[in-house]
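Subject: Structure for you to look at

Hello,

Here is the structure I said I would pass on. Please open it beside this email and follow along.

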Amino acid sequence: MTATDRSLELITTAAQAAADKLAHDVIAYDVSDVLSITDAFLLASAPNDRQVKAIVDEIEERLQKELGAKPVRREGDRDSRWILLDYVDIVVHVQHSEERVFYALERLWKDCPELDLPADAKATRGKAEEHARAQAAEADQEPGGEW
């Protein structure tokens with residue numbers, strides 16, 4: 001069994017919305033062969049809580065406006081470290097970069113087929129690592145004076 005056309009349409013729209021809000025490392029998996037509750041997972045991350053929330057809000061708005069889809073469940077809003085949107089056909093995970101590394105959902109689903117995404121979403125691959133390197137370089141350049 002493979003993801004339905006509707007699931008692919010939802011994933012593509014959600015991935016583009018995430019990329020438009022500068023999400024990092026957007027990837028999608030067809031989990032329909034191993035899970036009976038959904039067809040696909042979309043994973044995305046961001047370096048701060050506000051951006052996680054902005055990405056989620058954009059995904060929700062675009063799926064509602066363009067495809068008439070509303071999530072049946074939204075979890076994780078309070079801290080905005082990991083927000084899950086359940087659309088039944090797909091599940092969207094938007095995580096803070098630290099949670100993404102810690103929970104490593106990609107390792108859990110690596111045996112599932114990766115879904116093709118829009119070019120903008122594919123271009124987000126490696127952005128979290130680039131951001132971490134830039135932050136480390138910035139921290140190294142800051143003067144470390146004593147009080």
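Both F41 and W109 are buried. Keep in mind that the model is predicted. The rings of F41 and W109 make an edge-to-face aromatic pair, with 5.0 Å from centre to centre and 80° between the planes. The pair links distant parts of the chain, since F41 lies in strand 2 and W109 in helix 4 (residues 105-109), 68 residues apart.

A further edge-to-face pair is formed by F102 and Y103, at 4.9 Å centre to centre and 85° between the planes. Are these two residues buried or exposed? F102 is exposed because its relative accessible area is 62%, above the 50% cut-off. Y103 is partly exposed, at 41%. Together with W82, they form one aromatic cluster.

Next, the nonpolar cores. The largest has 30 residues, and those touching the most other members are I11, V26, L42, I59, L63 and V92. Helix 1 (5-20) gives this core its largest share, 7 residues. A second, separate core has 10 residues, including I27, L43, W109 and C112.

L63 also has contacts outside its sequence neighbours within four places: L10, T13, A14, G68, A69 and Y87.

Last, helix 1. Its 16 residues reach 23 Å from first C-alpha to last, close to the expected 22 Å. Among its buried residues are L10, I11, T13 and A14. The buried residues of helix 1 pack against strand 1, strand 2, helix 2, strand 5 and helix 5 (119-122). After the helix comes L22, with a positive phi near 65°.

Regards

Technical notes:
Residues numbered from 1 in each chain as written. Predicted model: local features only at pLDDT ≥ 70, side-chain atom pairs only at ≥ 80, totals over all residues. Heavy atoms only, no water. Core = buried A, V, L, I, M, F, W, Y, C linked by side-chain atoms within 4.5 Å. Buried < 20%, exposed > 50% of the residue type's maximum accessible area, 1.4 Å probe, protein only. Helix = DSSP H or I, 4+ residues; strand = E, 2+ residues; numbered from the N terminus. Contact = heavy atoms within 4.5 Å. Expected span 1.5 Å × (residues − 1). Phe/Tyr/Trp six-rings, centres within 6.5 Å; stacked < 30°, edge-to-face > 60°.
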